[in-house]
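Subject: Structure for you to look at

Hello,

Here is the structure I said I would pass on.

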Amino acid sequence: MSVERFLEHLSQKTFVDDDALETIKDLYQHQGDNFSEALLSSKLVPEEAMLHALGAIYAIPFEPELAPATTWADFTETVSIHFLKKFLLVPLKAENGRTTIALHDPADLQAVDDVAAILGLDDYSLVLSSKGKILSAINALYNQSQDNVQQMVEDLEGNDSNIIMEIEKTADLLDDTSDAPVIRLVNHIISRSVKANASDIHIEPFQETLKVRYRIDGILYEMLTPPKWIQSALISRIKVMAKMNIAEKRAPQDGRLEVRIGEQQIDIRVSTVPTSFGERLVMRLLNKSGSLLKLMEFGFSEKDLTLIKELISLNNGIVLVTGPTGSGKTTTLYAALSAINSPDKNIITIEDPVEYNLMGIGQIQVNRKTGVTFAAGLRSIVRQDPDVILIGEIRDLETAEIAIQSALTGHLVFSTLHTNDSAGAVTRLTDLGVEPYLITSSVKAVIAQRLVRVLCETCKEAYCLSETELGYLKIQDRTPGQCKAFKAKGCANCFDTGYTGRQAILEIMEINEELKSMILTTSDSNQIKSLALKHGMETLRQNGVAKVLAGITTVEEVLRVTQE
């Protein structure tokens, strides 16, 4: 291939300045067969423009999208997935029987010839495609061919002694190419959980059974019941991956691992605790490849969204977000930080753990072993000239006092608390030992948040709310049998749950002058809530009712996550 011809075709698809031209020529001279990979890594030109130019030279068309294709039954038994990923190529058989081989680097056709020979292909066409599209196609084809998890477990029956030997042999290796059944089972459990958008995987031992459950949209679903004898090998494999001590089974342990599934980078936190019937293991999944939500994507009403934007634009004070674990508090605060992040603001966070990396924001990880607690880290943060501070959670009096002092000295502070509603935050701070006058002078608002599951648009069913349901929801201006809502049914699109995704419901309590006066005399959350309601605060349940009447969620969901 002539570098001049390549640059000529490249210039037709994208602008390349003189410095970049010289760098590309240098890469061509020194990288040889690895030119495409080196050019892609340099990020001098877009991948699509590079592939268009290569395609023009090699007379191979560029295909931006690889159409869904079928594949022959024994394809995945014949060609290794690792071979295809290494050489970035994938054979696709269209419905008309015509075979196309998609590849990323047209300079390396030997691998194409090898695959064609293995599959006995005499007639096939070539296309160029991006690295991401090829990897996605490979994963899709191999996932189609794999048996379901339960079938995989059934295939292990009778091999218990071999399983233990295999797990011991590969105990110190993260070897994706291994044929060890337990390793394939663990990989499959994790990859299925990612596909189902699960947040947690629970592996729970009982006297005679072992259960694997996924938490999807906040609800646990039983996905698999492996045989009891596989328990030790299964737990050991995951502990090996998380670099935990597999010999220690009588004490709780924590570990961490990262896996890549296609183009997705998944961070997994692993926790084990000893129980009467063996170790219980929970994996918390965090997809780092997913983009952070923006405030308008949470499903907030116009009124709530406007109020939140006003609160996060304040120059000083504390804004608290409350709710139980898994109610989306941190995600909401991340979205708030992203919304106000700008070059003229210095934003620093202290978190346990840092869940997402935010561009342009300084993030500190709590590390008790080195003495970096919330309080200690916060003392250091205030000497870093911050404009906005995010504290992962206020857990003790020392952290609360430093947060309040920071707010009183001109900083905007965001944090979370574990309370049931917005008024409960005042009671919680008082219980920690914070003086009421400090609460009234620093806290600007408390936002209570919950997540409700969103109905699947494909299968949701319309019906009329009954008198009982209207009573539960305290809807007084509608007639029973004439108020329309929807209920969950379940289909293939939603894993038979009836729901896809979640939205937030809110209760925002602004601390006005009357509330300040009451907080100075009492920390009773019921009295504080009653006064806030008189001033127009909308409760969590009222916020949820609006989503029921809009056909977004169900009565059961709102009743599940709200308490009155």
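Predicted model: local features only at pLDDT ≥ 70, side-chain atom pairs only at ≥ 80, totals over all residues.

Strand 18 pairs with strand 15 in the antiparallel sense, over 10 bridges. Within this part of the sheet, Ala 448 stands opposite Glu 507 of strand 18.

Helix 22

Of the 10 residues in helix 22 (residues 540-549), 7 are buried, so the helix is largely enclosed by the rest of the structure. The buried residues are Leu 540, Arg 541, Asn 543, Gly 544, Val 545, Lys 547 and Val 548. Their cover includes strand 15 (443-455) and strand 18 (499-510), along with strand 17 (484-487), helix 13 (302-311), helix 19 (467-472) and helix 23 (555-561). Just after helix 22, Gly 551 has a positive phi of about 75°.

Helices 20 and 21

Helix 20 (residues 513-521) and helix 21 (residues 525-534) have axes that come within 10 Å and cross at roughly 170°. An angle over 145 degrees counts as roughly antiparallel, and the two helices are therefore roughly antiparallel to each other. The crossing of helix 20 with helix 21 is right-handed. Helix 20 makes the contact through Glu 514, Leu 515, Met 518 and Ile 519, and helix 21 through Gln 527, Ile 528, Leu 531 and Ala 532. By class, the residues of this contact are 6 nonpolar, 1 polar and 1 charged.

Helices 15 and 16

Helix 15 (residues 374-381) packs against helix 16 (residues 397-408) at an angle of about 20°, and their axes are 8 Å apart. That makes the two helices roughly parallel. Helix 15 and helix 16 cross in the left-handed sense. On helix 15 the contact residues are Phe 374, Ala 375, Leu 378 and Arg 379; on helix 16 they are Glu 398, Thr 399, Ile 402 and Ala 403. The contact of helix 15 with helix 16 has 5 nonpolar, 1 polar and 2 charged residues.

Regards

Notes: Residues numbered from 1 in each chain as written. Heavy atoms only, no water. Axes fitted to C-alpha atoms, helices over the stretch in contact; angles between N-to-C directions. Helix = DSSP H or I, 4+ residues; strand = E, 2+ residues; numbered from the N terminus. Parallel < 35°, antiparallel > 145°, perpendicular 65-115°, else oblique. Left-handed = near helix turned anticlockwise from the far one by under 90°. Contact = heavy atoms within 4.5 Å. Nonpolar A, V, L, I, M, F, W, Y, C, P; charged D, E, K, R; others polar. Buried < 20%, exposed > 50% of the residue type's maximum accessible area, 1.4 Å probe, protein only. Pairing = 2+ DSSP bridges.
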